[in-house]
Amino acid sequence: MLKRANYFLREVLYRDSLFRVPLHFGTVREQDIATLAKGAGDLDRFHDLCRTVVGGGAVYSFAAGRMALFALLRALQIGPGDEVILPAFTCVVVPNAIQFVGARPVYAEIDPRTFNLDPDDVARKLTTRTRGILAQHTFGIPAPMDQLRALVSDRPDIVLLEDACHALGATLHGRPVGSLAECAFFSTDATKMVCTDIGGFAVANTPALAAQLRLQWERAGELPAAVQAKLPAQFRRKYRYTRSEYYWGAGRFQLGMMLRNGSGFQYTDELDNRLPTGYPYPSRFPAILAMVALSQLHQLAANLAHRRRVVERYREIFRDLPQAQLAPGAEASWLQFPLRVREPARWRQIFDRYVQVSDWFNSAAYGCRSELSVVGYENGSCPVSETVHGSMVAFPTHFLVTDAVLDKVESLYRRFRSTLPGAE
Ligand SMILES: Cc1ncc(COP(=O)(O)O)c(C=O)c1O
């Protein structure tokens, strides 16, 4: 009897994907949802708590990571005529923000073993116009900060900025990301280490930059009242819809409907690569989501411990494949567990019905719907990164990835291993 019930649960329901584990919202728990009932939170408390997590710099929150980057670029007075180097393995909103201040994004190769910037290629991309280098800690794996800092040691006109959107809680030589360069920015969107659905914050690590950043924050607008009014209900509904047992059934449909019929809110800036008009850019973080952020920040240690445990298991399951390499002294936050494989579409076909497998980053500027030239990328200009774009899968690591889910991943891998080519 028990055996039959087990068979039904694992094989029939799993196969019908009712238990699909989503990439989104997996960090949110009941206790976070409960805080929404308390109304708006105190942004100063939010900033103070972030500050303790990121190593003590001055923190100002915005309505998205991209807006935090924009505010930092403005605070640094980076603009027309300037170049900012970024990895050819990022999200389209990053080059958008660079272009929105009038600067030029210059793409550098990533190292396929670390998914982070290749310092040798960054050196080749430096010009007299370079004003910034975006060190992205991809998947939460700390970027090679020592080498990047060495590259600019004789160029005081170049600022190192950490794109720490994936990496809240990661450390390098015991120091938290966010404190490894002059400034940093984080995201708290639906896929990130701490999830407020939309949101992010900027960190300034020098008093002079902190003063400039504060000015940018003071000048920033607020999301329209009609948008803010939708956020708590949207958060609650997304939370409910993305619970694993519900997501692939009615939940996914309801989520789609909510976003289509206007009862939800999502950003449009990444789609048309033009400064959005429906809301101020940058906007400040909506205080209505601050309680939920605080609640999750208090659980960050448990969140990190869970992800690291899950990654140990993934490493074991996929031990015959090449694994992401970490620099000495680096401890990753493991936002996702990345693997390079030869046929990502086939991997997705096998795993996606049970565990939503991410396709980050299948392009130099992920999510860009137009030609990449619109965001300043020339096809063929970063051939190594382009190989990686075509060979990525990344598994979720958040709280919904339980031992049962990992067992399922393991059994699927065992079953299909002979037909699943690994990375070259
Ligand atoms: C590497 C990276 N940087 C920046 C961002 C932007 O974050 P946000 O969506 O909060 O603007 C993302 C979003 O996924 C990202 O993956």
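Predicted model: local features only at pLDDT ≥ 70, side-chain atom pairs only at ≥ 80, totals over all residues.
F361 sits in the loop between α14 (344-351) and β15 (365-366); here helices are DSSP runs of H or I with at least four residues, strands are E runs of at least two, and both are numbered from the N terminus. Residues are numbered from 1 along each chain as its sequence is written.

There is also a cis bond from Y281 to P282, with omega near 5 degrees. P282 belongs to the loop between α11 (269-272) and α12 (290-298). As a reminder, most peptide bonds are trans, and most residues other than glycine have a negative phi.

## Positive phi in two loops

F25 isn't a glycine, yet has a positive phi of about 65 degrees. You'll find F25 in the loop between α1 (2-15) and α2 (30-35). Is F25 buried or exposed? F25 counts as buried, because it has 22 C-beta neighbours inside 10 Å (buried takes 20 or more other C-beta atoms within 10 Å, exposed 12 or fewer, partly exposed is in between, and C-beta atoms are placed from the backbone).

Q77, not a glycine either, has a positive phi of about 55 degrees. Q77 lies in the loop between α4 and β2 (83-87) and is exposed, with 10 other C-beta atoms within 10 Å.

## Around the ligand

The ligand is surrounded by 14 residues, the closest being A64, G65, R66, C165 and S187 (a residue is near if its C-beta atom, placed from the backbone, lies within 6 Å). Two or more shell residues come from each of α4 (65-75), β3 (90-91) and α5 (93-100).

By class, that shell has five nonpolar, six polar and three charged residues. Nonpolar covers Ala, Val, Leu, Ile, Met, Phe, Trp, Tyr, Cys and Pro; charged covers Asp, Glu, Lys and Arg; the others, Gly among them, are polar.
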